[in-house]
Amino acid sequence: APVATRRRRPMPSSNPLMEAVTAQGGAPSRRGRYGFTRESADSRDTSSRRPAAAEAEEEIVVEVDRFELARVEDLPSEADELLVGVDMPNLPSELFTKQVPVDERTCKHTFAFSQTVDMRVGSKPRLELFDALESPQQDDSALLFTVSWVDLQAPKGTPPQPLGSCELNLEEILDKRRADVLSEGLPVYADGDKNKRKQLGTLHVTVRAIAALRALDASLQKHGSAAAAKRAEAKLAPAADELRSGRSGRGAVVASLAPAKNVRVQVAIAKLELADVGAVPTEVDDVSVEYAFVGGAMVKSARVPLSDGGRHFYDIKAELDVSAGKPLRGAMMDAIEAAAAVEADTHFVVYGHERGSGGKTIELGSACVNLQGMLSSGKDVADGQLEVLDGSGKKVGTLTATLKAVEALRDVDDALERHGDAKAAKLKEAVEAVTPLATDPLMAAALGAADAAAPVATRRRRPMHSSDPLMEAALAPHAADPLMAAALGAEAAAPVASRRSRSMPSSDPLAEATLAADLVDAPSARSGRAAVRDAAAAPSSESAQLEVHIVSLVLDDVGALDDLVDDLAVSVDVPGSLGNETSHRVPVADRGLHLFEWSSTSDVRAGAPVRRALIEALGPEGQDEDTEVVFTVRGLPRGGALPGVEVGSATVALATVLARGRELSQEQVSVLAKRDGAKIGTLTVSTVALAALMEMDRALDQHGDARSALEADARAAPAASRRDLDLRLRDRRAAEPAADDPTAHELVFSISRVRLFDVRRDVDADVDELQLHLDLLGATDERTPAVPVQASGDHRLRYSKAFDAAPGSKLREALLDALDSPTHEDSDAYLVLYGLARSKSRSVPPQGVELGSAFVNFEQVLLEAASVAGAERTVKIERTTRAGSTTIGELTLRLNVHRALKAADASLEAHDGAERAKKAEPQIAQ
């Protein structure tokens, strides 16, 4: 059993290395599953050894020499033997030394442990260490040594107990030490001693890793990120293997033409045992079991007569092919990569059937196995007893089933590591399955130049994209291959450079292959080279627009919706847009699943407001929150007009698309309730934005900052003709949501509570009621209903008011002036608290007496994320006198002003200031 220590990865519940140590009292096997070896220097074959420097770059050697205990009294009396666990960030499980008896006389315990970890190009430990070195958390690259003790009298299966630990950081070896660690004594502190007050002893270790770490660091610098380095090295791995083995030319091709790896999953169902047959509906005569492995074809058992004893036997056995290129393999990749674990479930559903034609089929319950859990634990399900639960979660029986998928899951997981993500892995494996590029002799000619052509990454916040001569050279000899045409599309016959004209990231050959296929699928009367030439000559459509696609909405509890809500719609608010777009309506579904399949497209050409906003947000001074696309779920009565009731909202930051280097594809985003911010559902969205964002990123890199990039945009934008102006006005009118969504330009204040800390001190005895006056930038003088003074100081209000800030209105002009002002305080909206007297009073004038005031700054609200801006907030009520300001209470309110503020801000950007915006907006409105 493994030692339970602080780990950064899921720990397998069984550890074959430790089992081997316990059973044999010695070392594990010479070669483990992940390629690390345990060979002494004397036993290695030196007849064909490569240069020592090259070999050092391909391995990390960890040696544990001895542990010197400070005092025997620190050991538990039950301790008979000691062992050391080595936890490396790039290995799936801990390594263990042999167990040695406790030496109470000398307190020295010699382990003579040596472990060599394979760090060659393409090896899994190398791929894992890329992520560890790139991580901002330094702990992710820590090499942890744990000293544990063993009680030989303990019951069988009792795991070793941790005594103390020490660590070495691989990143520190690379950056600070800059040399291997040779026979160094590390202080071992007691387990759980975070302050390192009690040193138990000294562990002497050697770590030879500097050459391998420098090679990894150089690859990261060259390719810009861990994902890019993995993709590049995945292409080089076959050639590197050939160089190591000495194969070349025809021999290399023949040797690499071995059959593709046969990867399979085994599924079997043996028995169903129902706990209470009497609880089964009386019309059920037969029972059956069905399953669909990660969304594959449904497999159904035969119907078995319902047994009074509850036991039902089946003989279902199947082998599913999940080799490279198979559809089920792609589904497994999606399941492993899914953010929601439920998407990796395989369900076994039990049905009851009524005999005779037209008989009913009733779902009795289901059992499930999670593939992510299987991969994490490393355990297959062999004749496992799976609980069958009904719709309410009550156990109704047990299903005996087998699912052997761990090896297949590991193979799929390795593919994801090599290629970066599921989309890239599926496309790469599909191409390799059709045309074995890796076995072509011409590939070898391209392999040597691939790395040399890659530029060195400079200071960047996002992945670097560069040209890929490897893919160009690889595709060239296969341009006329009909099989390749089937995989990449007919446009693969055209020069690779011509496909680069559509602003795709040129470092990603898989994306280029997808683009080529898209060109073929596009509706056009032209084909072949002519179509590619047309695409090259035309302006880049991908970089000129940004598209957000809403796939579906799942609500967790439909019953919580207002009774008047019959339909749902989703509004999309893109940064910098002059308004939002709202999807079509979808009737409320009892099951909570609502399909939209609707898209919103934004213009991001030079000078467009959305482009200006995103360039500023992506610039050095910008924040990722400024790139958020806000999705607002609205509930509407049947036939009712927009805006309806805001149910909740979700956000997606476009900066994450750029940082990942790939589009959001079927991304699941949490929908948060407007009332309390709790999760109420999931919105599935996709984007077509990467090309546009990368083009903006290149502009920022070229010009240095957002202001310079925007000035270059202004110079590059062609002079507007009268027709262009008409089109822009038409587009802007279409973008203005006033016709469909009159609330888009409203400033909504909802006040729920006024709390005074000391009523007797701060409120005159003649004051009977409290009232708030709303002063919005001097454009309004609104008063709330008066509420009686409460001795407790807690006053509840039900006040909500929408103030019109549409273009041309007085409030809109005041808002433009405030946001354009260099003085921050000019954007303050005041809420003044007055005390009133029902009867005439000398001390209280008819208009009331001012008790204090609170304020909200619109400029500050504009800078907040939409989810924060719309949340309930509490502001201080202050009384100002000559002696200073005193806080007398607090005001609780909710604002729905973010869209109106963003619309005003976008108008300021579009018209270069408040004065021009105030002149232009009435014309646009007309």
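Which residues does I60 touch, not counting residues up to four places away in sequence? In this predicted model, I60 touches M88, Q115, T116, V117, M119, L129, R208, A209 and A212, where contact means heavy atoms within 4.5 Å. Residues are numbered from 1 along each chain as its sequence is written, and side-chain values use heavy atoms, with hydrogens and water left out. Because the model is predicted, local features need pLDDT of at least 70 and side-chain atom pairs count only at pLDDT 80 or more, while totals for chains, interfaces and linings use all residues.

I60 is one of the residues with the most contacts inside the largest nonpolar core, which has 50 residues. A nonpolar core is a set of buried Ala, Val, Leu, Ile, Met, Phe, Trp, Tyr and Cys residues joined through side-chain atoms within 4.5 Å. Another core, of 47 residues, lies apart from it and includes L747, A818, L851 and V856.

The protein chain contains 28 helices and 36 strands. Both are DSSP runs numbered from the N terminus, helices being H or I with at least four residues and strands E with at least two. Of its 926 residues, 48% count as buried; buried means under 20% relative accessible area, exposed over 50%, and partly exposed in between (1.4 Å probe, protein chains only). Among contacts in the chain with a separation of 6 or more, 68% come from residues 24 or more positions apart.

L213 also takes part in a contact between helices: L170, I173 and L174 in helix 4 meet I210, L213, R214 and D217 in helix 5. The residues of this contact divide into 5 nonpolar, no polar and 2 charged. Here Ala, Val, Leu, Ile, Met, Phe, Trp, Tyr, Cys and Pro count as nonpolar, Asp, Glu, Lys and Arg as charged, and the others, Gly among them, as polar. The axes of helix 4 (residues 170-177) and helix 5 (residues 210-223) come within 10 Å and cross at roughly 90 degrees. The two helices are therefore roughly perpendicular to each other, a label for angles of 65 to 115 degrees. Axes are lines fitted to C-alpha atoms, for helices over the stretch in contact, and angles run from 0 to 180 degrees between N-to-C directions.

The structure holds 4 aromatic pairs. Rings of Phe, Tyr and Trp (its six-membered ring) pair if their centres lie within 6.5 Å; planes under 30 degrees apart count as stacked, over 60 as edge-to-face and the rest as tilted. The ring centres of Y291 and F348 are 5.5 Å apart and the planes are at 40 degrees, so this pair is tilted. Since Y291 lies in strand 11 (residues 286-291) and F348 in strand 15 (residues 345-353), the pair ties together parts that are 57 residues apart in sequence. Both Y291 and F348 are buried. Y830 and F855 form a tilted pair, with 6.2 Å centre to centre and 50 degrees between the planes. Y830 is partly exposed at 34% relative accessibility, and F855 is partly exposed at 44%.

Most residues other than glycine have a negative phi. C107, in the loop between strand 4 (100-101) and strand 5 (108-118), has a positive phi near 65 degrees. At 12% relative accessibility, C107 counts as buried. E597, in strand 23 (residues 593-603), has a positive phi of about 50 degrees. At 51% relative accessibility, E597 counts as exposed.

Terms used. Angles under 35 degrees count as roughly parallel, over 145 as roughly antiparallel, 65 to 115 as roughly perpendicular and the rest as oblique.
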